[in-house]
Amino acid sequence: MTAAVTLAPSDATVPDAPVLLRHDADGVATLTLNRPQARNALSMALMGALQEQLDAIREDAGVRVVILRGAGPAFCAGHDLKEMRADPSLAATEAVFRTCARLMLSLTRLPQPVIAQVHGIATAAGCQLVATCDLAICTEGARFATPGVQIGLFCSTPMVALSRAVSRKAALEMLLVGEPIDAQEAYRIGLVNRAVPAAELDGAVAAMAEKIAGKARRVLAVGKEAFGRQIEMGLEEAYGYTAEVMTRNMMMADAQEGIDAFLTKRTPRWEP
């Protein structure tokens with residue numbers, strides 16, 4: 001089933017243009033950053049619109065997976081520096097990074113898995129978005145960077161997501177050098193799941209989303225939350241916690257249906 005496109009607030013750079021688009025079909029919600037002239041830079045309006053949609057999706061039982069993509073020539077160029085320089089006050093700057101932190105936490109805590117569909121550049125907070133999403137597929141021509149050090153603004157908040165997505169030394173090299181890495185390097189260090197030719201990007205992301213959307217919604221939520229929590233624990237604590245999670249999961253109707261379906265060699269029928 002396909003839902004109507006949801007339009008978010010307008011962008012000052014293109015009068016009456018919505019900054020965010022939403023399209024729902026077959027359990028997949030696709031959110032498109034829609035500031036192509038600004039390389040989808042994260043203005044306050046765009047972050048607010050994205051936050052609003054994530055809050056709505058959290059409560060939407062019809063959504064099993066989310067795709068995050070960008071319109072135009074790039075995925076996301078990071079924060080809107082022109083907007084920030086237009087109001088360089090402490091209060092405005094605090095609001096930008098507070099809003100961004102809440103947004104990234106919402107992506108992490110969203111019950112539904114989120115796939116980043118990346119083309120062009122993903123820099124600074126745009127790279128942070130990629131690192132924060134649960135999965136990422138990019139084009140072979142995509143480029144990733146945390147270039148803040150080049151302009152005297154170390155990418156400290158992107159560092160939080162990046163350092164949890166890739167190895168310590170890979171993260172520090174990106175942060176300290178500030179130069180872009182290509183898609184193959186992003187794949188090598190684990191920032192993306194795979195890199196594909198540009199013509200295959202839509203299909204590759206759709207195929208992954210379809211596979212995930214076919215799983216039990218509640219089980220996806222249990223697994224995503226458990227992964228995020230256990231990764232921050234020590235080994236013994238993690239095993240204790242995940243044993244409790246699996247016990248609770250085993251008591252769920254979805255697990256009982258899935259196991260019965262496996263044993264009788266039929267397709268499981270998940271609860272809505």
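Lys and Arg count as positive here, and Asp and Glu as negative. Keep that in mind for a later stop. The model on your screen is predicted.

**Stop 1: the whole chain.** Show the C-alpha trace. Along its principal axes it spans about 60 × 45 × 40 Å. The radius of gyration is 19 Å, which agrees with the value near 19 Å for a compact globule of 272 residues. Switch to cartoon. You will find 11 helices and 12 strands.

Stop 2: The accessible area of the chain comes to about 14300 Å², and carbon and sulfur atoms hold 58% of that. Of the 272 residues, 45% count as buried.

**Stop 3: contacts.** Among contacts in the chain with a separation of 6 or more, 64% are between residues 24 or more positions apart.

**Stop 4: charges.** Select the Lys, Arg, Asp and Glu side chains. There are 27 positive and 30 negative ones. How far apart do the centres of the two sets lie? They lie 2 Å apart.

Stop 5: Now select residues 121-123, which form strand S8. Together they make an open sheet in the order S8-S10-S11, with mixed pairing.

**Stop 6: zoom in on one pair.**

Definitions and conventions. Residues numbered from 1 in each chain as written. Predicted model: local features only at pLDDT ≥ 70, side-chain atom pairs only at ≥ 80, totals over all residues. Heavy atoms only, no water. Helix = DSSP H or I, 4+ residues; strand = E, 2+ residues; numbered from the N terminus. Rg over C-alpha atoms; globule rule 2.2 N^0.38 Å. Buried < 20%, exposed > 50% of the residue type's maximum accessible area, 1.4 Å probe, protein only. Contact = heavy atoms within 4.5 Å. Areas by Shrake-Rupley, 256 points an atom, 1.4 Å probe, with all protein chains shown as cover. Charge placed at Lys NZ, Arg CZ, Asp CG, Glu CD. Pairing = 2+ DSSP bridges.
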